[in-house]
Amino acid sequence: MAYTARTIRLVFFSGTGGTQMAAAHLASALRRRGVTVFEHELHVRQPFDDEQADLLVLMYPVYAGSAPAPVYAYLKSRAELNAPAAAVICGTGGGDAAVNRASRQRAIRLLEDRDCRVVYEGMLVMPSNAITPTPYNIALRLIKILPEKIEIMAGELVSGVTRRIKPGIPAGAVSAFGEIEKRGAVLFGKKMEVDERCIACAVCADACPTGNITMENGKPCFSNKCATCMRCVYSCPENALSPRFMKWLVLKEGFNLKGLEKGLAGLEETEDPSFKGVWRALKPYFQVPAADNKAIR
């Protein structure tokens, strides 16, 4: 069944900036095509207005094979979504790996429970901010190719392309198991350590999208609302924050998306990226359109 997308409500959750960057590109690409776009970041400090729209576009990074907890909280908090149709676009550092293929399924079920028909799915690849860093030359190319991928998606959304993906039973099982990570997220955020380098700048508290951090007596204090986005750890100007639980998630060298963007100026087009080990799975991403070839039209 065809759908129209003259007005789009773009709702996104972003941890360390990748999804925010992708959402900004998508909003710009849609507006160039004459679409009215209402943007909203899922952040505790941002009030929410449910504008009526033809299409709801939901964007988020993949966390352990599923959506971040704030995405589910948003969907569950609304009896109606004021949009007859929806698109779900997620970002991941691992590409089309089995752990990511079913990362939209629970969000899709929640959308459909609220009478919102899901007509489009898509996946973007962004530099990894957890466990293992993306090799530098590949990370730069992921940022560079992002606008091109977004243009393809924007064109399909405006044209009313229907794109649904069958992840398969094994991928669904991996994603379901990954939901356990959300329990660990609570401990990750609640057991955060603050060392003597802290200067009480409150950058972490202001950045936290869930309101997990408050400033008390000049020091950040942590609650049980963490989504493991790691924005606080990577945004601290003094590197004063570190988790006591799930330390292996945090990249030792940190993560700075804006720093990577600056590196684009020195990118050598003739340099061949090294797709070795687990990064071999990303090679096809640079050769095919943004939307999955397994899509059902």
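Trainee: How far does H1 reach from its first C-alpha to its last?
Mentor: Helices here are DSSP runs (H or I, at least four residues), strands too (E, at least two), numbered from the N terminus. The expected span is 1.5 Å times one less than the number of residues. In this predicted model, H1 has 15 residues and reaches 22 Å, close to the 21 Å expected. Residues are numbered from 1 along each chain as its sequence is written. Local features need pLDDT of at least 70, side-chain atom pairs count only at pLDDT 80 or more, totals for chains, interfaces and linings use all residues, and side-chain values use heavy atoms, without hydrogens and water.

Trainee: Which residues of H1 are buried?
Mentor: Buried means under 20% relative accessible area (1.4 Å probe, protein chains only). In H1, they include Met-21, Leu-26 and Leu-30. Just after H1, Gly-34 takes a positive phi of about 85 degrees.

Trainee: What volume does the largest pocket have?
Mentor: On a 1 Å grid over the protein atoms alone, a pocket is an open set of points where a 1.4 Å probe fits, with protein on both sides within 12 Å along at least five of seven lines; lining residues have an atom within 4 Å of a point. Points are joined across faces, edges and corners, and the volume is the space filled by probe spheres set on them. Here that's about 1000 Å³. Of its 44 lining residues, the closest to the centre are Val-62, Thr-92, Gly-93, Ser-128 and Ala-130.

Trainee: Which element gives the most to that lining?
Mentor: S4, with four residues.

Conventions:
Buried means under 20% relative accessible area, exposed over 50%, partly exposed in between (1.4 Å probe, protein chains only).
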